[in-house]
Amino acid sequence: MELPTNTIAFIGLCNEYCVAVEGARDDERSSFIESMLRLLPRIYIAATDLRTGLLDDEEAYIDQALDEDYYEAVRRNIERLLGPDDVYLEVFEEDMKYSDTPVSASVSEGLADIFQVLFNFISTIRNATDETVELAIQAVSEDFRSYWSGSLCNVLRALNHIRYQSSSELD
């Protein structure tokens with residue numbers, strides 16, 4: 001199967017993102033933030049432009065490859081790197097409509113959630129059949145529209161704030 005150029009670019013960005021998030025433990029704070037601010041918009045654009053051929057008789061899926069311990073280790077490494085800037089106020093949370101108090105969210109959790117989706121996607125398509133690759137692309141595209149696109153935008157906004165307006169000093 002020959003994949004469209006955008007799909008190949010998306011797969012490359014997914015891999016680059018996973019490598020960057022896995023390397024957060026050894027990265028400098030400012031370097032990590034800059035990397036995320038460069039990668040996240042590109043991933044958003046590439047995911048938006050994914051073209052999927054709907055396979056009528058097959059359900060799109062992505063195998064679960066990331067275990068909970070690894071997810072938590074990745075999340076903690078990012079949380080340590082960002083320190084008090086890890087927490088931000090979430091204005092698009094559904095519960096916000098009914099709350100008198102602000103709803104907080106975590107950059108590290110948002111990035112780890114995106115990591116989980118992309119890690120599972122990359123693991124699913126590695127050495128897979130053409131049909132499995134097509135199903136995984138369809139699944140990641142559907143998941144993007146229904147779930148992680150919003151997380152990506154929220155985390156991007158929080159990282160932008162840390163980079164340009166946080167009182168904490170970047171390295």
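Arg163 has a relative accessibility of 30% and therefore counts as partly exposed, a label that covers the range between buried (under 20% relative accessible area) and exposed (over 50%), taken with a 1.4 Å probe and protein chains only. This is a predicted model, in which local features need pLDDT of at least 70 and side-chain atom pairs count only at pLDDT 80 or more, whereas totals for chains, interfaces and linings use all residues. Residues are numbered from 1 along each chain as its sequence is written, and side-chain values use heavy atoms, with hydrogens and water left out.

**Charged pairs**

Side chains of opposite charge can pair when their charged atoms come close. A salt bridge is counted here when a side-chain nitrogen of Lys or Arg lies within 4 Å of a carboxyl oxygen of Asp or Glu, and by this rule there are seven salt bridges. Three of them are set out below.

| Salt bridge | N to O distance |
|---|---|
| Arg163 and Glu34 | 2.1 Å |
| Asp26 and Arg25 | 3.7 Å |
| Glu90 and Arg157 | 3.9 Å |

The pair of Arg163 and Glu34 links distant parts of the chain, since Arg163 belongs to helix H5 and Glu34 to helix H2, 129 residues apart; helices (H or I, at least four residues) and strands (E, at least two) are DSSP runs numbered from the N terminus. Glu34 is also partly exposed, at a relative accessible area of 24%.

Glu90 counts as buried because its relative accessibility is 4%, whereas Arg157, at 37%, counts as partly exposed. In the pair of Asp26 and Arg25, Asp26 is exposed at 63% relative accessibility, and Arg25 is exposed at 58%. Elsewhere, Glu72, Arg75, Arg76 and Glu79 are joined in a network of salt bridges.

**Aromatic pairs**

Rings of Phe, Tyr and Trp (its six-membered ring) pair if their centres lie within 6.5 Å, and the planes are called stacked when under 30 degrees apart, edge-to-face when over 60, and tilted otherwise. This rule gives six aromatic pairs. One of them is the tilted pair of Phe10 and Phe121, with 5.6 Å from centre to centre and 55° between the planes. Phe10 sits in helix H1 (residues 5-22) and Phe121 in helix H4 (residues 107-125), so that distant parts of the chain, 111 residues apart, are linked. Phe10 is buried at 0% relative accessibility, and Phe121 is likewise buried at 0%.

Tyr70 and Phe119 form another tilted pair, with centres 6.2 Å apart and planes at 50°. Tyr70 is partly exposed, at 33% relative accessibility. Tyr44, Phe144 and Trp148 form one aromatic cluster.

**The nonpolar core**

A nonpolar core is a set of buried Ala, Val, Leu, Ile, Met, Phe, Trp, Tyr and Cys residues joined through side-chain atoms within 4.5 Å. Which residues have the most contacts inside the largest core? They are Phe10, Tyr17, Leu118, Phe121 and Trp148, in a core of 53 residues. H1, helix H2 (29-48), H3, H4 and helix H5 (130-165) each supply at least two of its residues, and H5 gives the largest share, 13 residues. Beyond its neighbours within four places in sequence, Leu118 is in contact (heavy atoms within 4.5 Å) with residues including Phe10, Tyr17, Ile43, Val140 and Trp148.
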